[in-house]
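Hi,

Here is the structure I promised to pass on.

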Amino acid sequence: MKVLVVDDDAGVRKFLRRILTENGIESFEAAGGEEGLSVAGFWKPDLILLDLEMPDLKGNEVVRRLKAAPATAAIPVIILTAHATRENLIELASAGAADFMVKADLRPDELVVRAHRATGTVAPAQPPPARPVPAGPAPKAGSPLKREEV
């Protein structure tokens, strides 16, 4: 999967790209709405993660332009916003956004799941979580292990 990250904040772009890379997802970035439109038309990503509030071009306008252009109309867009209002969500859904996430609540695992859902791909299987190591000193060699009742 190829994901275009469009955000005017370099720190946010770096954070999102790190999450994507750690999950085997190729990514590229753009620092604003106009650049994002240009890169999307050239690079043809499978998904766009798009900031709602950017100084040059607001996210809802970027979505409208992407959906109006035949070359980019089918690319799903997940909006990332610091401020989710009912009006924003209605406007974004009307413009054609596939999903939205609030930046302050963003969890890496959820971002990856939503990216795969938006593109219709399956996330690679994750290894099971490590079992916690019991607290306390390790048993001495040769002594029987005793399980404490909880």
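**Helix packing**

The axes of α3 and helix α4 (residues 86-95) come within 9 Å and cross at roughly 15°. Axes here are lines fitted to C-alpha atoms, for helices over the stretch in contact, with angles from 0 to 180 degrees between N-to-C directions. α3 and α4 are therefore roughly parallel to each other (angles under 35 degrees count as roughly parallel, over 145 as roughly antiparallel, 65 to 115 as roughly perpendicular and the rest as oblique). Their crossing is left-handed; the term applies if the near helix is turned anticlockwise from the far one by less than a right angle, and right-handed if clockwise. On the α3 side the contact is made by N60, V63, R64 and K67, and on the α4 side by E91, L92 and A95 (contact means heavy atoms within 4.5 Å). By class, that contact divides into three nonpolar, one polar and three charged residues. Ala, Val, Leu, Ile, Met, Phe, Trp, Tyr, Cys and Pro count as nonpolar, Asp, Glu, Lys and Arg as charged, and the others, Gly among them, as polar.

Before going on, the ground rules. This is a predicted model, where local features need pLDDT of at least 70 and side-chain atom pairs count only at pLDDT 80 or more, while totals for chains, interfaces and linings use all residues. Residues are numbered from 1 along each chain as its sequence is written, and side-chain values use heavy atoms, with hydrogens and water left out.

α3 (residues 59-68) also packs with helix α2 (residues 33-43): the two axes come within 10 Å and cross at roughly 25°. That makes α2 roughly parallel to α3, but this crossing is right-handed. G33, E34, L37 and A40 of α2 meet V62, R65 and L66 of α3, giving four nonpolar, one polar and two charged residues in the contact.

**The strands**

Overall, the protein has five helices and five strands (DSSP runs numbered from the N terminus: H or I of at least four residues for helices, E of at least two for strands). From the N terminus on, they run β-α-β-α-β-α-β-α-β-α.

Take β3 (residues 47-51): five of its five residues are buried, with buried meaning under 20% relative accessible area, exposed over 50% and partly exposed in between (1.4 Å probe, protein chains only). In a regular strand the side chains alternate between the two faces of the sheet. Here L47, L49 and D51 lie on one side and I48 and L50 on the other, and both faces are covered. β3 pairs in the parallel sense with β1 (residues 2-6) over four bridges, and V3 has L47 as its bridge partner. Four bridges also join β3 to β4 (residues 77-81), again running parallel, with L80 as the partner of D51. Pairing needs at least two DSSP bridges between two strands.

**Two loop residues**

T72 sits in the loop between α3 and β4 and is buried, at 5% relative accessible area. Leaving aside neighbours within four places in sequence, T72 is in contact with A40, G41, R65 and L66.

K103 is in the loop between β5 (99-102) and α5 (108-119) and counts as partly exposed, at 26%. Not counting residues up to four places away in sequence, K103 touches D7, V12, D51, L80, T81 and A82. Its C-alpha is 8.4 Å from that of H83, 20 residues apart along the chain.
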